Number of protein chains: 2
Amino acid sequence: MNNFEYKNPTKIIFGKDTIEKLTNEIPKNAKVLLLYGGGSIKKNGIYEQVKTALKNVEVIEFGGIPANPEYAVLMEALNVIKNENITYLLAVGGGSVIDGTKFLSAAAVYDGDTPWDILKNSIRTQKGMPFGTVLTLPATGSEMNSGAVITRKETKEKLSMGGPGLFPEFSILDPKVITSIPERQLANGLTDAFTHVLEQYMTYPVGGLLQDRFAESILQTLIEIAPKVMEDPTDHEAASNFMWSCTMALNGLIQQGVPGDWAVHMMGHELTALFGIDHARTLAIVMPSHYIYNFEAKKEKLAQYGERVWNITEGTQDEKAKAAIAKTEAFFHQLGIDTKLSEYIKDYEGTAQEISKRFTNRGWTGIGEHKSLTPKDAENIVKMAY
Amino acid sequence: MNNFEYKNPTKIIFGKDTIEKLTNEIPKNAKVLLLYGGGSIKKNGIYEQVKTALKNVEVIEFGGIPANPEYAVLMEALNVIKNENITYLLAVGGGSVIDGTKFLSAAAVYDGDTPWDILKNSIRTQKGMPFGTVLTLPATGSEMNSGAVITRKETKEKLSMGGPGLFPEFSILDPKVITSIPERQLANGLTDAFTHVLEQYMTYPVGGLLQDRFAESILQTLIEIAPKVMEDPTDHEAASNFMWSCTMALNGLIQQGVPGDWAVHMMGHELTALFGIDHARTLAIVMPSHYIYNFEAKKEKLAQYGERVWNITEGTQDEKAKAAIAKTEAFFHQLGIDTKLSEYIKDYEGTAQEISKRFTNRGWTGIGEHKSLTPKDAENIVKMAY
């Protein structure tokens with residue numbers, strides 16, 4: 001097990017009818033900017049619940065944060081924060097709204113030339129503007145971590161940011177919200193959380209026995225509840241386990257003391273930036289090819305995953321490892337998620353080269369668990385995923 | 001899954017040679033009271049490491065906190081805190097020293113008549129004097145939770161306390177410390193952590209699928225590493241997993257959204273208070289009888305535990321559940337832990353009645369997961385454990 005430092009101060013308020021608890025979490029004298037996305041919260045009743053809970057504080061609204069939160073839109077919100085002397089941010093949404101809010105939390109206190117530097121220069125935020133979240137879409141885990149990913153259409157870029165000052169002060173997780181989520185988004189959420197776990201688990205072994213088992217626990221739970229969630233989102237038990245699994249998949253816990261890979265995310269982000277493919281789907285596209293391309297390095301853990309998570313008991317280590325990749329792809333297919341780039345876009349030729357070029361231009365000489373995958377390796381992997 | 005609220009702000013600094021990081025965690029202008037136990041830290045080099053890391057802050061020492069931290073001793077430490085205007089506490093020790101430090105953190109800011117009221121009247125501490133810990137004995141999980149148990153010899157009492165203000169600000173977990181722990185203490189630590197998980201897991205099912213699997217993960221890991229830790233405490237992988245498992249067993253995470261039992265602890269505490277039997281051993285004494293006595297209520301989860309943790313695949317649900325209890329007792333025996341009261345003390349007659357009487361006198365009408373076990377039930381359980 002590697003050395004680590006871990007602190008996660010986010011307060012989780014979990015369960016049925018918990019949105020009303022918002023009232024106790026926001027400082028009485030706060031001036032709140034309520035941030036949300038495309039407006040679905042106005043149709044499913046969440047907006048009303050939030051507004052009722054906030055009736056005794058001053059609130060200004062900023063809606064319209066798009067999936068893959070867009071820098072230009074966020075800059076408009078930043079103007080509102082500055083002009084209105086906002087003191088507290090409240091994200092009501094999924095990962096995109098929460099990530100966008102984290103960027104705003106950082107940008108609101110940033111005193112450099114342009115807030116884009118936070119992303120371009122990987123500036124860590126030690127203390128941002130305080131914010132909380134009401135999660136409406138289980139998927140990214142952003143509700144209990146300090147990272148965010150921001151997109152800039154202008155330059156077709158998608159970059160990460162973070163820092164210890166960007167944990168939500170609180171996050172309200174009411175599993176009832178999933179009843180109004182479209183099937184497509186549910187499938188994305190399941191896939192996203194599943195892949196988050198794999199990025200932190202499918203790596204070279206360092207004797208993190210407990211971390212491995214926690215990761216396997218989340219994977220097993222997602223596999224168990226996925227068909228139930230898709231079939232009946234009103235199933236409270238399934239919804240609760242779905243929501244809590246997504247949070248635990250990326251709140252930092254299973255990453256402690258073990259290597260992370262994250263190469264799938266690095267390549268996936270480019271597919272979203274280039275073609276607008278849903279984040280989760282880009283992961284499902286890249287992941288199988290990544291594991292096949294790096295089979296030798298990963299086969300030990302792949303076989304363990306096959307045995308413990310998919311109950312594959314027959315065959316050699318190699319066979320178990322290959323069967324585990326196949327099982328994973330089948331799981332995505334079962335959710336209605338395609339796993340080849342050509343199933344999403346016709347004009348995919350040159351994509352691998354473009355991604356390789358972008359990595360080179362950014363100076364990314366090595367990605368993945370060993371920081372050893374070159375831009376050329378990324379090109380090969382993406383090509384395999386066509 | 002039940003509703004829950006969870007926040008755990010303790011910063012964990014984990015790994016080899018991390019004690020030196022203490023320097024960065026204590027405020028520069030602090031006046032520190034360094035608390036420790038019987039002085040073993042002066043033999044194993046930990047004291048030197050701590051003193052070196054603290055060389056630039058003002059430090060006063062208070063040693064001699066006994067196992068089952070004693071109220072009278074802690075009151076002496078409280079005098080030091082007040083007379084010396086201490087501003088920060090540092091616990092260097094195991095659960096007893098850390099629990100004692102939590103009491104002091106609460107008592108230092110308490111303005112009632114007598115600090116014993118904090119225990120007697122279950123007063124929750126919202127904000128205590130800040131403190132950190134350097135863990136020298138993995139077992140209780142106190143290094144990452146906000147609870148403590150304090151003993152008062154004068155009245156043969158052992159009572160719990162806690163509150164959101166009693167999380168350590170940081171805890172340093174260097175697995176190397178276990179190389180100097182006597183075998184008896186290692187066995188106690190393994191048993192203690194194992195039982196902590198069972199108290200939060202061996203309860204009526206509420207559909208906490210992920211919580212169940214996390215609990216099972218810790219149990220499986222403890223079973224896997226127990227013989228390695230006992231045989232060779234210098235095995236870094238085993239030591240690391242041991243230490244992290246003990247912390248995760250009682251940092252609140254696996255308790256979220258599911259019922260807790262804790263009846264074994266309630267009865268066990270009395271055995272320590274009456275006879276001075278090591279805490280972990282009292283749990284191993286009471287636990288099998290508790291599960292047999294409450295077999296009908298617990299057999300579903302017992303059978304699941306048997307299947308998933310002990311790989312018991314044969315037999316009916318009842319048979320699997322019984323086999324699981326037997327496996328657990330065998331595990332304790334393998335660690336050199338006896339599981340009958342008569343193996344610890346000769347003069348045990350009347351113990352069950354005495355415990356029953358104490359519960360009645362304290363007004364404890366019902367303990368356990370359903371709060372339904374009466375003092376008479378406790379009497380029957382303890383009798384079965386003779």
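1. Is E354(A) buried, partly exposed or exposed? E354(A) is partly exposed, because its relative accessible area is 26%, and buried would mean under 20%. Keep in mind that this is a predicted model.

2. E354(A) has a partner. Its side chain meets that of R358(A) in a salt bridge, 3.0 Å from N to O. Both residues lie in helix α13 of chain A. They sit four residues apart, about one turn of the helix. R358(A) counts as buried, at 11% relative accessibility.

3. E369(A) and K298(A) form a salt bridge of 2.9 Å, N to O. E369(A) is in the loop between α13 and α14 of chain A, and K298(A) is in helix α11 (residues 295–310), 71 residues apart. K298(A) is buried, with a relative accessible area of 1%. E369(A) counts as buried too, at 13%.

4. Now look between the chains. R213(B) makes a salt bridge with E224(A), with the closest N and O atoms 2.6 Å apart. This pair crosses from helix α7 (residues 209–231) of chain B to helix α7 of chain A. R213(B) counts as buried, at 10% relative accessibility. E224(A) counts as partly exposed, at 28%. Over all chains, the structure holds 48 salt bridges.

5. D174(A) is a charged residue to check. D174(A) is buried yet has no salt bridge. The nearest side chain of opposite charge, K176(A), is 5.5 Å away, while a salt bridge needs atoms within 4 Å. The side chain of D174(A) does reach the backbone nitrogen of K176(A), at 2.9 Å. D174(A) lies in the loop between β8 (170–173) and α6 (183–201) of chain A. Its contacts include G15(A), T18(A) and M243(A).

6. The largest nonpolar core has 263 residues. Helix α7 of chain A gives the largest share, 12 residues. L90(A), Y305(A), L90(B) and Y305(B) have the most contacts inside this core. L90(B) touches, among others, L22(B), V50(B) and F170(B).

Methods: Residues are numbered from 1 along each chain as its sequence is written. Chains are lettered from A and ligands numbered from 1 in the order in which they are written. This is a predicted model: local features need pLDDT of at least 70, side-chain atom pairs count only at pLDDT 80 or more; totals for chains, interfaces and linings use all residues. Side-chain values use heavy atoms; hydrogens and water are left out. A nonpolar core is a set of buried Ala, Val, Leu, Ile, Met, Phe, Trp, Tyr and Cys residues joined through side-chain atoms within 4.5 Å. Buried means under 20% relative accessible area, exposed over 50%, partly exposed in between (1.4 Å probe, protein chains only). Helices (H or I, at least four residues) and strands (E, at least two) are DSSP runs, numbered from the N terminus. Contact means heavy atoms within 4.5 Å. Lys and Arg count as positive and Asp and Glu as negative; His and the chain ends are not counted. A polar contact is a pair of N or O atoms within 3.5 Å; within protein, one must be able to donate a hydrogen and the other to accept it, and residues adjacent in sequence count only if both atoms are side-chain atoms. Lists of a residue's contacts leave out its neighbours within four places in sequence.
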